[in-house]
Amino acid sequence: MQGLTVVVAILASLSAINASTFGLGNKIACLHKAEQFQSRVFEDEIKKALEEFREQLKTEGVPEIGLPPVDPYALDNERFQLNKDEINLDLNLTTLVNGLAGYEVAHVKMSLIGLKFEIDLLFPEISAIGQYGLQAGTSLAPFQIFGNGEYDAKAKNLLVQAKGKVGTKVVGEESHIILEKLTADLTLDEMNFKITGLLGSDEISEVVSGSVSKGMPQVLKDMKDQINAGLKIIFNKEASTCEYAIEQRFKGLHCCAKGYRSIEWYKDNRAYPWPSGVSNMILYPESANQTIYTQMVTATDTGNYTCVLRNDTHVRTHTIHLHVFSKVPDAPKITYKPKSQQVELGQSVRLFCEAFVGRIDLPDAHNDASWRRTDQNGSIDDQPGKHLVKVPREDNVTLGVYLVIEEVKEEDFGEYTCRITKPDDRYIDINVTLSEKVIVEQIVTNPVPWKKITVIIAVLLLLIVTVVVVNMQYGLAARVWFKDRFEPIEDGDGKLSDLLICYNQKDAEIVLGVLIPKLESKYHYKCSSREFSSNVNYWHVEMAEAARKTRRIVAVLSPATLNDNWDCGSLYQALKQLQALGPPLNCIALKPMPYSATQTKNAQGETLTTILRNIHVILWERASDDRFWLALRLNLPAKRCQTKPQTTDNICLNTTANNTTTRLNCNSSRGSLENLV
């Protein structure tokens, strides 16, 4: 059996395969007839063919469909452009992909009843490495996304689960395998993605790389519906676009469909239910809400009625315009206009037309609807292979007629006329054309949309970069703004201060000259302060009373705080003392935190690294840097007060560990502090 025997089962791109090319059509046809053939034997054949096909993909590709060897698969300076809606994209790619033919056949199941199959292929690793050039923008953001660099992507344990059904068709002397139905489910265990050169920033490139690596498995899962095109919602009756009624008569509107989970009705964009002044229509539950009706229609019911049908993947809408007359109009009014159709020889077809004609209360007067060939006289009436089906509704006020041709022959092609007639010989004619659908035999009628997939991934990357950039630029400020305006104010708790700021005497100029004045004057926090003593073990005892009177503790830490012992063990001991004080702890580090791969653990397995995860640590930056102040304020109590505090002599009070008070002019050293920082 040739290697391409089951390409229909592993590639969604192949909807019809020339069986004479692959030498499989006659075998499948025989298997379809052999009711006693063992499915297990056929499953073994499929597995063997898939393994042969894997080797063919590496060495030969599929010459019959123009597919080169795909493992490895290379693109050299391919350009993809997209200009649609709010997004414009210009992407150049040079890439090398490995692993496309490295799959393992994890599961094969074949049912000879109906020729249904299930195939699971596991790709242990697919990797892509290369260079890119990107220029893109979106109206949703006031900036351009650009980049020029390298990327490296590795997808691990990609599982492709395909289910489908195949059939056979004989055209001339050749047998063809027809893929009648195929669905695919993709799952991914892990994605490792790294990109450089985005916006010329290593930091942004690193953040985007992490976001794509973390989010791609879920994105692939969410794209399942797009990959399979989901469960379609299909109207199972010709849906009229115009409806007519006579005042004080019964009227119903219909939205007949299948494949939906919910249906909603709107009149002129107003959701059901409607007050009597808007519409008298009500739902008919016995029709699964596909019908709305009224026993006595009035002029207020005139308008556009829209049904909205939804399932898990699709939304479909249909709008019907209802016009209410005071009396029956003279001429028929079209409610459904047929469309010209193309069909293959041997297929069946139906043509339908419909019009509002009104009811005639005379014994010998009646409305009529018929179909005829435009170039022939007389109506088509039960000719061999053809028949008419008249469909009156609503007590014969609306009349439709089907022309059904059970098996289209060459002589059936041409123009047809639907005529709907009233008793006074007023009529309306509607012409349609029935023509032959020319089938072009192709091996691949639905190729894998590599370019579309690449553009989708690029657009997703663009959106991720946009979100990252906006968050990096405005995210911190937005969170502080939200906190100050919507989080509850911490008043009435008996606390004497918002912040207790602890520091070493050697850092007093920064604390008393910059930190406290700005927190009090600009951000309206009430601050108290304490100096650290030289012995870390006494901190809890010395500051416990002050800590009970404050809402937050802000500890300014530097090597001087720990007697120049800036190591993991000393910092761990200091932070445990501060944590034990009770109020939420914020640390301002005047020097980056130390790190050691061999940190000592306590009895509970804690290290400096684990304790830092529960503490808000901010690295001291220039006093004019807004980002530092935003990061500090993020975990401080919410403040809504916008009034300026009363002017004082700019004297900061500092209480030392010995409860002595010193006075420092906050302005006298401001210039030197700026130079210091």
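Helix α8 (residues 508-521) is mostly covered, with 11 of its 14 residues buried (under 20% relative accessible area with a 1.4 Å probe, protein chains only; exposed is over 50% and partly exposed lies in between). This is a predicted model, in which local features need pLDDT of at least 70, side-chain atom pairs count only at pLDDT 80 or more, and totals for chains, interfaces and linings use all residues. Residues are numbered from 1 along each chain as its sequence is written, and side-chain values use heavy atoms, leaving out hydrogens and water. Helices (H or I, at least four residues) and strands (E, at least two) are DSSP runs numbered from the N terminus.

**Helix α8**
- The buried residues of α8 include Ile510, Val514, Pro517 and Lys518.
- From first C-alpha to last, the 14 residues of α8 reach 18 Å, close to the 20 Å expected at 1.5 Å a residue (1.5 Å times one less than the number of residues).
- At Leu515 the helix α8 bends by about 30°, with Pro517 following within four residues; the bend is the angle between axes fitted to the seven residues ending there and the seven starting there.

**Strand β28 and its neighbours**
- All is covered here: 8 of the 8 residues of β28 (residues 550-557) are buried.
- On one pairing, β28 runs parallel to β26 (residues 497-503) over 5 bridges, and Cys502 stands opposite Ala555; strands pair if DSSP finds at least two bridges between them.
- Strand β29 (residues 585-589) is also parallel to β28, joined by 5 bridges, with Val556 opposite Ile588.
- Together, β28, helix α10 (residues 568-579) and β29 make a right-handed β-α-β unit; with the strands pointing away from the viewer, the path from the first strand over the helix to the second runs clockwise.

**Aromatic pairs**
- The whole structure holds 12 aromatic pairs, meaning Phe, Tyr or Trp (six-membered) rings with centres within 6.5 Å; planes under 30 degrees apart are stacked, over 60 edge-to-face and the rest tilted.
- Tyr523 and Trp629 form a tilted pair, because their ring centres are 6.0 Å apart and their planes lie at 40°.
- That pair links distant parts of the chain, 106 residues apart: Tyr523 is in the loop between α8 and β27, and Trp629 is in helix α12 (residues 626-633).
- Trp629 also pairs edge-to-face with Phe628, at 5.1 Å between centres and 75° between planes.
- Tyr244, Phe325 and Phe356 form one aromatic cluster.
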